[in-house]
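Colleague: I'd like to learn how to read a model like this one. Could you walk me through it, a feature at a time?

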Amino acid sequence: MKPITLRTLRDMKARGEAISCLTCYDASFSAAMARAGVEVLLIGDSLGMVLQGHNSTLPVTVADMAYHTTAVARGNQQSLIMADLPFMSYATIEDTLANAAALMRAGAHMVKLEGGSWLSDSVRLMTQGGIPCCVHLGLTPQSVNVFGGYRVQGRDEASSTKLLEDARNVVAAGAAMILLECVPTDLAKRVQETVDVPVIGIGAGPHCDGQVLVVHDMLGIHSGKPARFVKNFLSCGDGSIEGAFRSYIEQVKSGEYPAPEHAFAE
Ligand code: KIV
Ligand code: NA
């Protein structure tokens, strides 16, 4: 199969084929996801929680991200590989460019960073320098202490207007993708209609151009009560891990996932 590029994803958005994305942190899972046909692998800074056992993503370093990105990149030649810039690694333009370059050298094809319109200059400079960017909007977990917990974002008029404006501004600055986490279904739909780049959702309803889940969550490995948007795909397939990935892809593409019970109506 031909390698997935941003062009592939833009074509998928244009023809209405949903994009499947999962987090991935090592070479074996990377290979299995490629065999199943997952289009985008995200080395998420969620690795601070699911691999390292922290209770937030804040302790994760650029070196941690680069280490896991290298492993994922070795695992397959087919998926588009996106790596998170971790907490406070993009506070200044100089840091942003140097840290994003480190992740690209480790094997990423694009980077993701959390924020809004204030990222516009960074996004423009990275894109000009050859680093495609995804901007993560809505519930941005690196800001958990600002939010006062992991909560659905964009629920009132002011914050939903701001989120839509943020999406427009970062796309105007060159963002190649938007990731929406935990926002009401209607707001996600408005973002998807407004921007001409792929919009990937998690807890953002069925109208996004694609979906992402943390791989541990979709395999049923979690302590405590899973988030509303989580579905266990290990019990949907043939019982194998690759079967779970295949079921996920199938259900994302058919629209069976996410169902209303996985989304926030308002
Ligand atoms: O770090 C991560 O896994 C993420 C996804 C949940 C979107 O950013
Ligand atoms: Na992340």
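Predicted model: local features only at pLDDT ≥ 70, side-chain atom pairs only at ≥ 80, totals over all residues.

Colleague: Let's start with helices. In helix 2, which residues are buried?

Modeller: The general idea comes first. An α-helix has 3.6 residues a turn, so residues three or four places apart point the same way. Now the case here: helix 2 covers residues 27-36, and its buried residues are Phe29, Ser30, Met33, Ala34 and Ala36. Those residues lie on the same side of helix 2, because they cover an arc of only 160° around the axis.

Colleague: What do the buried residues of helix 2 pack against?

Modeller: Their partners are strand 1 (19-23), strand 2, helix 4 (62-75), helix 10 (215-218) and helix 11 (241-254).

Colleague: Where is Val199, and what does it touch?

Modeller: Val199 is in strand 7. Val199 counts as buried because 26 other C-beta atoms lie within 10 Å, and the cut-off is 20 or more. Setting aside residues up to four places away in sequence, Val199 touches Ile178, Leu180, Val191, Gln192, Cys208 and Asp209. Two of those, Val191 and Gln192, are among the buried residues of helix 9.

Colleague: Are Asp45 and Glu114 buried or exposed?

Modeller: Asp45 is buried, with 27 C-beta neighbours inside 10 Å, and Glu114 is buried too, with 24. Asp45 is in the loop between strand 2 (40-43) and helix 3 (47-50), whereas Glu114 is in strand 4 (residues 110-114). Beyond four places in sequence, Asp45 touches Thr57, Val60, Met65, Asp84 and Pro86.

Colleague: Which residue does UniProt list for "active site"?

Modeller: Glu181, again from an unreviewed entry. Glu181 lies in strand 6 and is buried, with 22 other C-beta atoms within 10 Å. Its contacts beyond four places in sequence include His136, Gly138 and Ile202.

Colleague: What surrounds ligand 1?

Modeller: For a ligand, list the shell, then sort it by class. Around ligand 1 are Thr23, Leu42, Gly44, Asp45, Ser46, Asp84, His136, Leu179, Glu181, Ile202, Val212 and Val214. That makes five nonpolar, four polar and three charged residues. Asp45 and Asp84 from the UniProt "binding site" are in the record's list as well.

Colleague: Last one: in the largest nonpolar core, which residues touch the most other members?

Modeller: Val111, Cys133, Ala175 and Ile178 do, in a core of 85 residues. Take Val111: beyond four places in sequence, it touches Met82, Ala83, Leu85, Ala100, Leu103, Ile131 and Cys133.

Definitions and conventions
Residues numbered from 1 in each chain as written. Chains lettered and ligands numbered in written order. Core = buried A, V, L, I, M, F, W, Y, C linked by C-beta atoms within 7 Å. Buried ≥ 20, exposed ≤ 12 C-beta atoms within 10 Å, placed from the backbone. Contact = placed C-beta atoms within 7 Å. Near = placed C-beta within 6 Å. Nonpolar A, V, L, I, M, F, W, Y, C, P; charged D, E, K, R; others polar. Helix = DSSP H or I, 4+ residues; strand = E, 2+ residues; numbered from the N terminus. UniProt positions renumbered as here; feature names shortened; annotations may be inferred. Arc of directions from axis to C-beta.
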